[in-house]
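The tour goes from one interface to the next.

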Amino acid sequence: MTVSKYTLVTMVGLMALGTAPIQADSLKMAYSSAPRSMDPYPFGGAPTASLKEHVYESLVNHDDSPLLAESWSWTAPLTLTVKLREGIKFHNGADFTARDVVYSSCRMMHRIDGKRNLLTSSMGPIKDVVAEGDHVVHFHMKAPYPLWTQKMKFLSILSASGATTPEGAIKYDDKGDCGITNYPKRDQFDAAKASIGTGPYKLVSFDKSGSAKLVRNDAYWGEKGAWEDITIRSISNAGARLAGLLAGDFDLIENPTTEDLDALNNNEQFSFTSVPSWRTIFLVLDVNKEGAPGVSADKPGNPLSDIRVRQAMSMAINRKAIVDRLFRGNATIANQLAPKYRKGAPELPELEFDPAKAKELLAEAGYPKGFELSLFAPSDRYANGSRVAQAVTQYLSRIGIKISLKTQPWSVFAKARKNREMGTFMYGWGHPQGPAQMISFALASRDKKLGLGSSNYSNYSNPVFDKAIKAWAVETDEKKSDAFVKDAMTQAMKDLPAIPLYYQHTIWAHRSDLEITGRQDERTHAAMVKKK
Amino acid sequence: MSKQDPTRLEKIWKAFRGHPIAIAGLIGITFFLLVAFFAPLLAPQNPYDQTQLDILDGLLPPMSQLGTGQTSWLGTDALGRDILSAVMYGLRISLFVSFVAVIVGSGLGVFLGLLAAMKRGWVETVIMRSVDLKMSFPGILLALMLLAMFGTGVDKVIYALIIGAWASKARLVRSVALSEMKKEYIDAARLAGIGNLRIMLRFLLPNSISPVLVVLPMAISGAITAEATLSFLGVGVPITEPSLGLLIANGNDYLLSGKWWISIFPGLVLVAMVLCINVVADRIRDHANPYLRGKE
Amino acid sequence: MLSFILRRLGQSSVLVLIMSVLVFAGMYVVSDPVAVLAGDDFTEEDRQALARELGVDKPLITQYLVFLSNIAKGDFGVSFVYNRPVLDLILERLPATLEVAVLAISMGLILGIPMGIYSGLNREKKATKSISFLTTVGYSIPNFWQALLLILLCSVWLKILPASGRGDTTDLFGIPVSFLNWDGFSHMLLPAVNLAIYKICMQTRLSRSGTQEVMYQDYMTFARAKGISKMRRIRRHLLRNILLPIVTITGLELGGLIAFSTVTETVFSWPGIGKLLLDSIHHADRPVVVAYLIGITLMFVTINFVVDVLYALLDPRIRYK
């Protein structure tokens, strides 16, 4: 084989220089979907949050540790008192004080053009926000709301100097009027005019297609950002994203596909970092005794309402094979519905894999020949989602259940879920608000006052579970709260109205001269990227 | 029919004699049709039987051994599906879906196009404005509607493709038929008292169909790729019963990581099949064209 | 002619109305904006409140009538997802799609017609056989696969063209366009080629079959007998006669490219309206989808109208009553 002179020169050049060093202190990142706006409140979702966290900060950090807050405590059953960090300045030089927290709460509740912000739901049970002096804020609740200490991360803190505020204290109300008439509008945030936070980076420009440019905030109160400037682009196609990385357009990309990891492994210039995330992927089973949509057997009743059938289904699935083969180890076997490594999650035994015993259990339950089941899964929502659904189909088929797998785009799937048209479906739930939030929504009996059971598509109802979750919902003491979570989760894993499969990992592909610490909440932030 | 007339078979043979490429295409089509038809007997594995698949056999390169001891000649995909078997079964689905859709869709389109050209007036208006409507309606939304209303299934994909196929043919045929309608022989036929339907089928159809025949192979390959695209967008055939298109789309994810066999083999079969269809179609078209035939 | 135009205008309004009903119903069948937008931490009450604010809690008929009355006031609605006026969303993405579509169609015409005429005139030459083979291969490869192969070849292996995004833009009469500077143009190339390959093949085949038929018409023989030069014969007689199907197809294809370059725009992350449509369908963003498709219907109606008029000009036998 002949090597052309030019190739040789290039190769020698590369050997001498190694890979070209990363340019100055610039970081170019590609997100997998587009941030919607720099207005911090109207939109949920990881991309918007990822971007805005560069600019705005909240009282509590993404890992539940204090950030702009120094500490907090429940001074009354319905009052959380937060002590703020002192000496912090906004990008425009204004001091960060309790007034800004009240202002931000008002802006969060304020309806722009009659529409409320999607993140407002986290503020639901809050009755009043009161500043005491410059560095203490009291949150008064209508009902017990211990989750607020974690949900405070949704309340990005803006500077009150961004609007004309009344003299004296700002009086909070849940309409968000607060005597303020000229809140900055979304356009002003997107034009980098109103985007005044305390974060480690300042916004230079934001483009509606999801591109943004940021520069370091040299006056940042904490550890200074490692990058002088950051460019963020949004590329939804995974192949194109990876091609952009390989072509040198980006230093780091989000969510390469599992398949592409091999290509990265074989390339010295690039590598990847995989971090367990807070998203659990599980099967939801409708345990309604009357019957479940898409489930039919040769005897009356719903086979899924029999606990032995649910145990058999769980036992039939080889989670290790799914994790090892479909994810190349970039997923973690689940043994409960919250990630077992999530703070406050209980220690529970692994779930068994035993297809022979699964068959016996099915026979014992009166279905020796199995039964028929439509399994629904979103096709475009979770990494490897369609393949996992097919693997589950294989395993359940082997113990004799006749599975008809139906994958659908998320929009169609979400509607069918909301209308309760699916008896068995695959779902993924992130756990930014502690280990019990999901089961409180998805497995608890409906309780309007405590906000429980709104997404109970399993139609599960168990008094032991409900008792524990109701106690958890009002418990502000961390230790006691953890004990209730353990009781509830243990009961749920005994009954299996939902079968946990695995915990997703978030993966970043990047130049090999970068070191990525990663985050568990699926966000991509420059603070987790360092030069080696 | 008198004895001197050549039989139909002889006519067809006459069209192909002396054209080795077209004959090769014909053999190719026959081969693919046979493989598709007898796939259940020929394929080493039934890729639709979920109990036969094992993800532990996933992503094996060509010539690997499966857990069952069988050899997988063309390798496996992530789910442990033997690519050779999957291609055979996929061929079946792709051919079935696209042929049914194109034949029904084009037939409908040709009929409506001729009708529009003959009747003019409100009939033409309704037909042509429906064409406009269809052209403006995105296939993905249509496929999603069918999916949301009736669930996933091969038949829903066929409906979507039929609705996708008729409009362009109707427009094309109408434009040619309009020109034909002005020609003397139509007037002559009318004066001779020949009925409308007979004029349409006997005179208008043979003289207007040539542009449709030109695009027919394209329509078939178009239907195959349209089906593949729907699968790529997540609204195609059920993923447990992949067509060639879905196999290519699945393999797409592995193209950059060096697992070429998942996408390349179904892709090659698809291209080869369409190529065969096209050379044969070209020959038939050339042969059917009286001007060209005169030159031979 | 005037009555013809008026009649078409009347038909078009009915058409647009039918389209809006179809899309409204279609989106209702496919998805529920509340289900898509609501976070996992929305309680039942939160979801109901969201439905009220989006106006989707009312019966579908009421929603449609509200939509119509807003249109009458010139208000096309606000996107459920982006919370911005839909017209703004569509208009700011339109130039990106237009320039790629025009580039792709031009490539198709410039390469396709000469190749087609050449093939039609020289049926037995080797080059003709190669062209024929290449066109067949060209449209046998699914568009999305082609796109990936292009990225693999040009961006990953050869590293000569960027794989995604729009790159730098230059303002032309206040509209950002890509084709006026190299960075932008280089970003345009792959998506345009991806769209053009199919068009080139199609134009080649169309003009080839047209040429073949026309070449054996009596008037061509006559023209040759009269001693008219070959180039003149091609220009005056051949081109004029094969243009009919080409005009029809090109008009519709251009419309198709503008309206539904969804796959290409998705794979190359090209921020055009095709991607907006796909994203909006998937995000249950009905206001965007409805406004978009009404716009597209209008466009096709116009294209078809223009094509029909051109027909009348090109083929004197067709006249409008």
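**Chain B against chain C**

Select chain B and chain C together: between them there is one residue pair in polar contact, both residues at pLDDT 80 or more, a polar contact being a pair of N or O atoms within 3.5 Å, where within protein one must be able to donate a hydrogen and the other to accept it, and residues adjacent in sequence count only if both atoms are side-chain atoms. Now colour α11 (261–288) of chain B, one of the helices that supply at least two residues of the side touching chain C; α11(B) gives the most to that side, with eleven residues. (Helices, H or I of at least four residues, are DSSP runs numbered from the N terminus.)

This is a predicted model, in which local features need pLDDT of at least 70 and side-chain atom pairs count only at pLDDT 80 or more, while totals for chains, interfaces and linings use all residues. Residues are numbered from 1 along each chain as its sequence is written, chains are lettered from A and ligands numbered from 1 in the order in which they are written, and side-chain values use heavy atoms, with hydrogens and water left out.

**Chain A against chain B**

Next, select chain A with chain B, where five residue pairs are in polar contact, both at pLDDT 80 or more. Zoom to B:Asp54 and A:Arg398, whose side chains meet in a salt bridge at 3.8 Å, N to O (a side-chain nitrogen of Lys or Arg within 4 Å of a carboxyl oxygen of Asp or Glu). Finally, show α11(A), which gives the most to the side of chain A that touches chain B, with nine residues.
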